[in-house]
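New notebook page, new structure.

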Amino acid sequence: MYKSFAIVIALLISLSSVAQNLQSPSQFLGYDLGTKFSRHHQVIDYFKHVAEAKSQQVKLESYGETNERRPLMLAYVSSEENLKNLETIRENNLKNAGVLNGKPTANTIAIVWLSYNVHGNEASSTEASMRTIYKLLTEKQAWLKNTVVIIDPCINPDGRDRYVNWYNETASVPYDIDQQASEHNEPWPGGRPNHYLFDLNRDWAWATQVESSSRLKAYNKWLPHIHVDFHEQGINEPYYFAPAAEPFHEIISDWQRDFQTQIGKNHATYFDKEGWLYFTRERFDLLYPSYGDTYPTYMGAIGMTYEQAGHGRAGLGILNDEGDVLTLVDRLTHHTTTGLSTVEISSKNAEKLNTEFAKFFNNSGLKYKSYVLKGDTDKINSLMTLLDKHEISYGYAQGGKVSGYNYATSKDGQLNASSNDLVVSTNQPKGKMVKVLFEPNAKLSDSLTYDITAWSIPYAYGLDAIASKTLIPTNTNKLKSIPRSISNSGAAGYVVSWNSMKDAQFLADVLKGGFKVRFTEKPFTTQGKTYERGSLIITRGDNKMVEDFDDKLVDIAFSHQRTLNAVSSGFSTSGPDFGSPDIKLVNPPKIALLSGDYTSSYSYGELWHFFEQQLGYPVTSINTNNLSNTNLSKYNVLIMPNGYYGSFLNDAISEKLKNWVSAGGKLIAIDGALNSFADKEGFGLKRNTPEESTQDKEDNRRIKYADRERDYTKNLITGAIFKSDVDNTHPMAFGYSDNYFTLKLGSSSYSLLDNGYNVAYLGDNPKNVSGYAGRDALKKLDNSLIFGEQRLGSGSLIYMVDNIMFRSFWENGKLFLVNSIFFVNNNLHEL
């Protein structure tokens, strides 16, 4: 008896010792959680400590690294038994969804994924992630018996540390609650975006950033039942949680809607008990597919956004407009509460979550069964890369006519399919996501939306497409890679066609390699083959100083999968000969890009990322605060991203830019940057301002206060797609057909240029083919500019009304920018 009692006592002491080994975040960090901002490495260290102290219940997994080499990490938290069977639980879940073959052996475990700090300066959530894992392991063990909780403590480490480091070096001690204090006003670009200044919460579907691509690999290994994205909003809004606002996408199931409400009610019980304010069903809808709530929803989860008051302005504490001091302790406490509440209700409904999750992947009711896509091989391959990231299956057409909705004409039609055409079917587990990404026009239940309303992949990738109600049979053979070109020392030169970004990347590498390259402004035929405008010509005579000319060029071409067409003579069968004035030398541009105050950090980041990670061509960033003292004669191309230049472009800077352009410079203005030149003397850009009718004025005066917000949508274009006409004889449009589908992000409208080149434009009564455009906004678009060039002295002003770099997913627009840099008014030199 005494011996047994001693064993029990010893066991209790042993268990107590193990429990004591697990330190709270405050104990481990050496300061009370919420009294300082923790750096990313401290957060990682704490999670490693938890995994060591609770190795039977916590498993850490590295899933990638940021551009600034910070680790991306997941923590799997559950009961000892579940952790031992983690791989079986994962496989059972994928079998339940039909992603893995076979029948699941059990469907009783809820899988909850909690994602923190996607926006770096919404920093309370990462602090909350540490308290959440601690409380799960010390107070909420019962919930873990039938739940696997996956915690990503920081989706955006680079942005978070940018914010935290700035705040820690700026803030007063003790912190200053005055809203005007410097610690509540971040400098450009702020901590919200990642290294390349992308909003990672808009990148789930497009996966242009390393954080997103890495995360998708891990996410698709699990496909959780619940996904929560933790955020912060303005300092005067208390807390937002599910259910979401309309519009809901039509594929969202009744169960997904209902369970959001159940979760919200569960949160409300805790908030009501503490007297914390909150709101639901407002602002944050479920439509645009690239968010941390919508993407998981379209993959079968209950996807939700939780928004805590605070944001980058709040710091450690701030006095809001209602006279309350909002502290970091408050903010992380609220996020911890909703995180734990989510796990609780998921645990209580684990079996139902599994049952309804399986039902979501029944795609028999979808209208379109297959999407058939035809176009340039490079564009098809680019799309396949995106589909591979989402683990969406595809095949190749077997040939013959395919009938259905024709994207080019916006009505039913036919397409003659070939074995090189891609077919993406909804008859696969992720069929609903296929519908969302490829649908011609998303159904809108409400015109008040939080983001763009059109994104259809065939338009974004510049592909002809048919949406068919029939399941199109496919082959699985892959497109063959292009064979290595053969050196031909007897050739006068080589010709490369110009159609895609792959051609642009080849050109960038050839120029960096010291080769001289020409391009043709007119079609020509030689040796039985016709080459269209923009085709590249690399002659032996131009490159006498390049050693091993043929072999080096072949190596570069092979690395980019380009075909070099050797030609024996510069004498063309038809069209210009190689020495014609219509075949011009590409003068390697020296490019400057404005950054800093007055520029949109997103727009700058899109361009920065484009040059470094896509085009692979050098660019010099110049801060707007330094432009007045910058020697612009070192550059012959200057890019102005979307921005807010009104107070920046004073008379002196405007005159400096005008003189630089007149001397031979090329200024490329994008989106909001056009406001700097519209209706200004010396520039040909004019705003479209249709006169408001007397009746419209009278109608507007009578609108009720409660209806004003909704009525204003008639003036908005919330990311809609329009079919534009294109002058593809202009160098800016080389590689394009005579029309282009453009994504309009707003209602800004400019008249066609009187003295310039209207390269892409909308004609009379343009109709949007996808997305929402208000009736009054549409009136302004008649005969309006999309892309144009104005000559000024020896140089050019290039106007890009629509931002083709927006979030870097509109792949078919990028060649317009490349053409503008390398081909338009190419008489460039060091000024």
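I looked up Lys435 first: its relative accessible area is 15%, so it is buried (buried means under 20%, exposed over 50% and partly exposed in between, with a 1.4 Å probe and protein chains only). Lys435 sits in helix H15, residues 431-438. Helices here are DSSP runs of H or I with at least four residues, strands are runs of E with at least two, and both are numbered from the N terminus.

Next I asked which residues Lys435 is in contact with, leaving aside neighbours within four places in sequence. I found His249, Glu250, Ile251, Leu366, Tyr371 and Thr426, with contact meaning heavy atoms within 4.5 Å.

A note on what I'm looking at: this is a predicted model, where local features need pLDDT of at least 70, side-chain atom pairs count only at pLDDT 80 or more, and totals for chains, interfaces and linings use all residues. Residues are numbered from 1 along each chain as its sequence is written, and side-chain values use heavy atoms, with hydrogens and water left out.

Then I checked for cis peptide bonds. One joins Val173 and Pro174, with omega about -5°; Pro174 is in the loop between helix H7 (157-170) and helix H8 (210-222). Another runs from Glu246 to Pro247, with omega near 5°, and Pro247 belongs to strand E7, residues 245-248.

Positive phi was next on my list. Leu197 has it, at about 65°, although it is not a glycine. I place Leu197 in the loop between H7 and H8, and it counts as buried because its relative accessibility is 4%. Gln561, also not a glycine, has phi near 55°. Gln561 lies in the loop between helix H18 (549-559) and strand E24 (565-567), and at 24% relative accessible area it is partly exposed.

Over at helix H23 (residues 775-779) I picked out Arg775. Arg775 and Ala492 are 283 residues apart in sequence, and their C-alpha atoms are 57 Å apart in space.

Finally I zoomed out. I get 24 helices and 35 strands in the protein chain, and its C-alpha atoms fill a box of roughly 105 × 60 × 60 Å along the principal axes. Buried residues make up 58% of the 831 residues. Of the contacts between residues at least 6 apart in sequence, 78% join residues at least 24 apart.
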